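Q: Got a model open here. Can you walk me through the charged pairs and a helix packing?

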Amino acid sequence: MPHHRRPLLDRTALLLAEGYAWLPDRMRRAPDHALHTRVLGRQALALRGPEAVRFFYDERYVHRHGAVPEPVLSTLFGHGAVHTLDGEEHRVRKRMFLSLLTPPDRVADLVAHVTAAWDEAVESWARRRGAVVLFDEAAQVLTAGVCRWAGVPPEAGRVAAVARDLVAMVDGFATLGPRHWRARTARRRCEKWLAPLVEDVRSGALTVPEDSVLAAVARHRDAGDRMPGPRTAAVELLNVLRPTVAIAWYVAFAGHALHRWPANRDRLREGDAEYTTAFVHELRRFYPFAPFSGGRAATGLSWRGAAVPAGGVVLLDIYGQNHDPGLWGDPYGFRPGRFLERPPERDELIPQGGGDASAGHRCPGEAITVAVLEALAVRLARLDYRVPPQDLGIPLRRVPSRPRSGVLIEPAPSAGSP
């Protein structure tokens, strides 16, 4: 029989204080990887494991509409975003993203734009005095590359400013205080920048390539043949630009991993494609990014005897699953070779969500994340640089986390990329 417990104490403050450890610590003590708790004033049920992933992404049980808190909408996703839709509305909007982000030729084209921006940046690093911050430089490289690819290049001299805004939206979604308000301000500024571009494309005042992301988003029609308002279209345009720039977190983690476990550098320099993919998978599994994902119970639900009422919160423990010893054996060891021994199953490795990307809420840009990281990890491994003394600690109470220093590197004067 399902057991209904009603936790009295709301744990939202603890979640914010403890960061990545909050849910995994409690899940370790929970029977069958199912935990009752209370967050955001509502009863919640937290789940983990491949079967739980399939349950969580089944729209018969868990919905997204009304599940994303306002602070996350106003920073990370945007109001009216695809992440908040269910059913046919979601499937029609999602098809647009899949057409833009998953075809191999489009992925390869984006990688080409990003690597060209990287090679340009590396030349400038070698001319500077002192160290560069890998995280900041990667964010600018990714901004330049994805904006050119999407057909919305920032005006000359604005790449750094746009990069800061796109980073701020990710950096401030899971916190209170200055970081959060910077994220809100950044989102308003970017939507204000992009919405008029959408209107100009629709009116014919701005001509862009027919196959560009900007054109596709501007001319997209939702279920019922309705065209979203310009602000909603700007939100979805940002949901292409922002996640691509968020790869900067993983580029910084790659720099951290190559410094801490330098044997990986030689394998990457050799250009072994299988090892490079395994290295990227291990980066995404090992390092902290998304702590969990949330949805809303469509009806009264029961999972392995644990129940949550209709409208309650359902949490998928992403960080905990990616560090589950039952799945990974030595989860706190950085070992890319694990993915050479056995490729990950779809619902085991879930740094960008689980389930079927073509029909569910799994990130449609996962192939882009992997491909861009593969290209940049090899270039970073082949770059001649030194790592000066710095604080490379990664605080797990900070969400999203990254090395405190951003990873300082000092490229050699003759440094270059292939």
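Q: Which residues are linked in a network of salt bridges?
A: Glu282, Arg285, Asp330, Arg335, Arg338 and Glu341 form that network. A salt bridge here is a side-chain nitrogen of Lys or Arg within 4 Å of a carboxyl oxygen of Asp or Glu.

Q: What should I know about the source?
A: This is a predicted model: local features need pLDDT of at least 70, side-chain atom pairs count only at pLDDT 80 or more, and totals for chains, interfaces and linings use all residues. Residues are numbered from 1 along each chain as its sequence is written, and side-chain values use heavy atoms, with hydrogens and water left out.

Q: How many salt bridges does a search of the whole structure find?
A: The search gives 35.

Q: Take Arg304. What does Arg304 form a salt bridge with?
A: Glu51, with the closest N and O atoms 3.5 Å apart.

Q: Why does the pair tie together parts apart in sequence?
A: Arg304 sits in the loop between strand S6 (301–303) and strand S7 (306–308), and Glu51 sits in helix H3 (residues 50–56), so the pair ties together parts 253 residues apart in sequence. Helices (H or I, at least four residues) and strands (E, at least two) are DSSP runs, numbered from the N terminus.

Q: Switching to packing. At what angle do H6 and H18 cross?
A: Roughly 30 degrees, and the axes of H6 (residues 104–127) and H18 (residues 366–382) come within 10 Å. Axes are lines fitted to C-alpha atoms, for helices over the stretch in contact, and angles run from 0 to 180 degrees between N-to-C directions.

Q: Which residues of H6 and H18 make the contact?
A: Among them are Val107, Leu110 and Trp118 of H6, and Ile368, Ala371 and Arg379 of H18. Contact means heavy atoms within 4.5 Å.
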